Amino acid sequence: MRTGGRYVDSGTVIRLTNLTKRYGHRTAVDGLTFELQPGAVAGFLGPNGAGKSTTMRLILGLDAPTAGTALIGGRRYPELKQPARTIGALLDAKAVHPARRGRDHLRAMALSQRIPLSRVEEVLALTGMSEAARLRAGTYSLGMSQRLGIAGALLGDPQVLMLDEPVNGLDPDGVQWIRTLLRSLAGEGRTIFVSSHLMSEMEQTADRLIVIGRGRVIADEPIENLLASTGTRVRGPQLRALADRLDAAQWTGPDELTVPGLTPEQVGALAHQLGLMLYQLGPVEPSLEESYMSLTAASVEYGAGA
Amino acid sequence: MTTTTTAATVPPAATLVSTAAAEWWKLRSLRSTRWFLGGATLVMLLMAVLESNNGDPTTIQAVSVAVAAVNYFVQHILAAFAMLAITSEFATRSITVTLVCTPSRTRVMLAKTAVVGSVVLIAGMLVTGLGVVAGATRFDELGDLGAAQVVTVFKIGSYLALLAVLALGIGTLVRRTAGGLAVLLVLILILPEILSLVAERFGLDGLGTAINFTPTLAGSRFIGGEWEFGLVLLGWTAAGVLGGIWALSTRDA
């Protein structure tokens with residue numbers, strides 16, 4: 001399928017193949033390979049310094065990869081005929097000349113892309129920045145800068161939206177707003193790629209999580225998998241008999257057992273068979289935060305030691 | 001997959017002209033642009049009013065005062081203005097926005113060259129013209145002004161534009177404002193002085209001639225009527241633009 005680099009009605013796929021970036025001896029991005037599909041929000045997670053921003057800079061052609069490729073609809077970013085209409089990006093909300101008014105910042109962006117100036121007013125309204133746009137960008141709070149940056153990313157009505165830590169500095173209303181926005185844009189068949197170092201942000205927004213640490217993919221799974229139950233927790237006054245029957249069971253409290261690998265149904269049936277009274281029986285559902293911590297622990301530890 | 005984009009929905013592709021339009025908007029939306037251009041005008045007028053020129057009575061004093069104002073002040077103000085058009089983008093990191101909007105680094109550099117060059121050409125001619133008229137009023141020379149002075153004003157404007165674009169190129173290579181200004185001042189002020197001292201001390205005539213090929217002295221000779229030195233200046237400017245394109249294209253933003 002040749003996309004022609006313009007509107008890609010079937011949705012624009014981003015494909016990274018062995019994407020690698022080294023700065024001297026330091027490897028910031030280390031052989032990333034994954035594909036982003038239209039119609040879904042892909043969360044890009046990792047501790048600070050894991051290589052998330054560098055990956056996005058490589059996708060946008062701001063930095064040249066040491067090895068590998070990042071293709072948008074089959075093309076490298078600089079080869080796109082209509083970059084802003086294909087992919088809208090927010091990398092650094094504060095990367096705006098502080099003496100320039102928000103509206104002028106967007107107008108310059110629009111002029112360079114031959115996007116009608118009326119679109120500037122549309123994205124300002126969409127991001128709630130119509131009023132603030134007459135102020136100089138240097139006076140903005142981080143949250144306002146984020147909104148201006150998101151307005152800029154939306155300017156070309158792009159097929160792909162790529163945002164680096166967009167909720168940083170937003171108030172709770174703003175966080176809710178951006179979640180809704182991303183969900184609805186994905187619902188329109190766009191490809192959404194959004195990074196964060198906070199797992200909790202992703203829990204309610206992303207369909208899929210790509211977790212990286214030290215420049216490598218640690219996990220790349222649908223979010224349900226990361227939230228899937230890992231066992232059963234059971235509470236009762238006399239669980240010794242149950243513990244004796246289940247080798248894997250561990251005491252996680254004076255009257256609480258955790259049984260990895262078994263469902264509540266299995267544990268409940270056994271307890272009934274043994275005639276035990278139970279106070280509580282339920283699946284162990286790790287919070288996304290816990291999954292994330294256990295996934296990244298190794299890379300963070302290594303990072304601290306290096 | 002079978003959906004074809006019709007001509008009506010395909011937006012026009014960006015061009016050098018649209019990039020230049022964006023660069024123009026960036027310049028005009030900054031207050032500092034007005035400060036730089038206003039400052040250059042103010043200094044020129046002050047010189048025209050205050051500078052006493054005991055020069056040769058056969059030349060038009062207003063023109064020599066305007067040339068002095070350009071040499072001492074105006075060229076540095078406009079060169080700094082030109083350099084900031086790129087170094088301010090690196091300082092605020094807004095260069096990433098520029099390059100995301102316009103991935104062709106060559107096009108970004110050419111658009112900046114066109115806009116900065118045109119603005120300085122026009123501003124330079126206006127400021128110099130104003131200075132000449134103000135000086136001529138003061139020295140009672142208005143009746144002596146003619147086509148020759150118009151040509152001189154045009155040449156000064158061209159010199160200022162070429163120097164400004166050279167400064168833009170240096171700014172693109174160096175990226176930092178302070179470093180860029182240092183390189184520029186070495187090139188236009190210190191280098192000719194040092195070369196001249198060395199040439200004099202050691203009696204090196206070849207070196208003495210070479211000084212004329214530094215940007216400022218080539219500019220003086222060009223303004224003084226030696227057109228071929230305009231080409232020397234153009235060479236410096238072209239080197240600056242090519243250096244800028246090279247630096248933007250090969251380095252990470």
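Trainee: How many bridges join β10 and β13 in chain A, and are they parallel or antiparallel?

Mentor: Keep in mind that this is a predicted model. Strand β10(A), residues 231-235, pairs with β13(A) through 5 bridges, and the sense is antiparallel.

Trainee: Which residue of β13(A) does R235(A) stand opposite?

Mentor: That would be Q280(A).

Trainee: And what's the strand order in that sheet?

Mentor: It goes β11-β12-β10-β13 in chain A, 4 strands in an open sheet with antiparallel pairing. At the edges you find β11(A), 250-253, and β13(A), 280-284. Each of those two has a single partner strand, so one side of each has no neighbour in the sheet. From one strand to the next, the twist averages 25°.

Trainee: Which helix lies across it?

Mentor: Look at α10(A), residues 264-274. This helix lies across β10(A), β12(A) (256-260) and β13(A), and its direction is about 150° to that of β13(A).

Trainee: Which residues point which way?

Mentor: T191(A), F193(A) and S195(A) go one way, while I192(A), V194(A) and S196(A) go the other. Both sets are buried.

Trainee: What does β7(A) pair with?

Mentor: One partner is β3(A), residues 41-45, which runs parallel to β7(A) and is joined to it by 5 bridges. There, G43(A) has V194(A) as its bridge partner. Another is β6(A), residues 160-164, also with 5 bridges in the parallel sense.

Trainee: What handedness does the β-α-β unit with β6(A) and β7(A) have?

Mentor: Right-handed, and the helix in the unit is α6(A), residues 172-187.

Trainee: Let's move to chain B. How many helices and strands there?

Mentor: You get 10 helices and 0 strands. Buried residues account for 45% of the 253 residues in chain B, and the C-alpha atoms fill a box of roughly 80 × 45 × 30 Å along the principal axes.

Trainee: Which residue just after α6(B) takes a positive phi?

Mentor: R175(B), with phi at about 75°.

Trainee: Last topic: how many residues of chain A are in contact with chain B?

Mentor: 36 residues of chain A, in contact with 33 residues of chain B. On the chain A side, α2(A) (83-86) and α3(A) (102-113) each supply at least two residues. The largest share is from α3(A), with 7 residues.

Trainee: And how do the chain A residues on that side divide into nonpolar, polar and charged?

Mentor: The side of chain A that touches chain B has 18 nonpolar, 7 polar and 11 charged residues.

Technical notes. Residues numbered from 1 in each chain as written. Chains lettered and ligands numbered in written order. Predicted model: local features only at pLDDT ≥ 70, side-chain atom pairs only at ≥ 80, totals over all residues. Buried ≥ 20, exposed ≤ 12 C-beta atoms within 10 Å, placed from the backbone. Pairing = 2+ DSSP bridges. Axes fitted to C-alpha atoms, helices over the stretch in contact; angles between N-to-C directions. Contact = placed C-beta atoms within 7 Å. Nonpolar A, V, L, I, M, F, W, Y, C, P; charged D, E, K, R; others polar. Right-handed = clockwise from strand over helix to strand, strands pointing away.
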